[in-house]
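This briefing is meant to be read alongside the sequence and the coordinates. Please keep both in view while going through the topics below.

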Amino acid sequence: MTRKDFFARVGFGAAAVLIPACIGGLVASCEKDGTASAAPTNVDFTLDISSGTLANNGGYLVHVGVLVARTLTGSFIAVSAGCTHQGTNVNYSSAGNNFICPNHGAQFSSTGAVTRGPASSNLAQYNTALTGNSLRVFS
């Protein structure tokens, strides 16, 4: 066997082993872990809204698996952060007053109801109560 033949066979063998792993990595990159995450239960926490993203209308943040948003009118809404399709954290769109999954485009209303797939289940909705600069989010 010549040196050229040796490297050709080794290169082909390596490619045969690595190609399935590379394709698997591309497929997995579209998913968080292949399944939707469960919505947090027994939620009860308080946030200081005097500074940070919730100090301004249209801002939002994710805390312990819950997305808390301040609408353009100044009210607060809270839903489970993980998209029910594959678990990627959704984003809040203040212009549409809705939630959008950046992964596959699923959309949810301000109450967490599915308005566009591929998600087929609603986001869990949580209660909010504002006292001064303290926002309580709870189940």
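Predicted model: local features only at pLDDT ≥ 70, side-chain atom pairs only at ≥ 80, totals over all residues.

Once its neighbours within four places in sequence are set aside, Thr71 is in contact with Asn57, Gly58, Ile77, Tyr92 and Asn97.

- The side chain of Thr71 is joined to the side chain of Thr73 by a polar contact of 2.9 Å.
- Five residues separate the two strands of the hairpin, in which Gly74 adopts a positive phi near 95 degrees.
- Strand β4 is mostly covered, five of its five residues being buried.
- β4 is also joined by two bridges to strand β9 (residues 125–131), and the two run antiparallel; here Val79 has Gln125 of β9 as its bridge partner.

**Arg70, a buried charged residue**

- Arg70, which belongs to strand β3, is buried yet takes part in no salt bridge, and the nearest side chain of opposite charge, that of Asp48, is 9.4 Å away.
- What polar partners does the side chain of Arg70 have? One of its polar atoms lies 3.3 Å from the backbone oxygen of Ala55, and the side chain of Arg70 also makes a polar contact of 3.1 Å with the side chain of Asn57.
- When residues up to four places away in sequence are not counted, Arg70 touches Ile49, Leu54, Ala55, Asn56, Asn57, Gly58, Gly59, Ser75, Phe76 and Tyr92.

**The salt bridge**

- The count of salt bridges comes to one, and this bridge is formed by Arg136 with Asp44, whose closest N and O atoms are 2.9 Å apart.
- Because Arg136 lies in strand β10 (residues 134–138) and Asp44 in strand β1 (residues 44–48), the pair ties together parts that are 92 residues apart in sequence.
- Both partners are partly exposed, Arg136 with a relative accessible area of 36% and Asp44 at 49% relative accessibility.

- In soluble globular proteins, nonpolar side chains tend to be buried together.
- The largest nonpolar core here has 14 residues, of which Leu67, Cys83, Val90, Phe99 and Phe108 touch the most other members, and β3 and β4 each supply at least two residues of this core.
- Leaving aside neighbours within four places in sequence, the contacts of Phe99 include Leu67, Ile77, Val79, Val90, Tyr92, Ala106, Phe108 and Leu123.
- A second, separate core is made up of 12 residues, among them Phe45, Leu54, Leu135 and Val137.

**The four-stranded open sheet**

- Four strands, in the order β5-β6-β7-β8, form an open sheet with antiparallel pairing.
- β5 (91–93) and β8 (114–116) stand at the edges with a single partner strand each, so one side of each is left without a neighbour in the sheet.

**Backbone features to inspect**

- Most residues other than glycine have a negative phi, and most peptide bonds are trans.
- Gly117 and Pro118 are joined by a cis peptide bond with omega of about 25 degrees, and Pro118 is placed in the loop between β8 and β9.
- Asn42 has a positive phi near 50 degrees without being a glycine; this residue is found in the loop between α1 (3–28) and β1, where it is exposed with a relative accessible area of 72%.
- Val64, likewise not a glycine, has a positive phi of about 45 degrees; its place is in the loop between β2 (60–63) and β3, and with a relative accessible area of 55% Val64 is exposed.

Note on methods. Residues numbered from 1 in each chain as written. Heavy atoms only, no water. Salt bridge = Lys/Arg side-chain N within 4 Å of Asp/Glu carboxyl O. Buried < 20%, exposed > 50% of the residue type's maximum accessible area, 1.4 Å probe, protein only. Polar contact = N/O pair within 3.5 Å; in protein donor to acceptor, adjacent residues only side chain to side chain. Contact = heavy atoms within 4.5 Å. Pairing = 2+ DSSP bridges. Core = buried A, V, L, I, M, F, W, Y, C linked by side-chain atoms within 4.5 Å. Lys, Arg positive; Asp, Glu negative; His and termini not counted.
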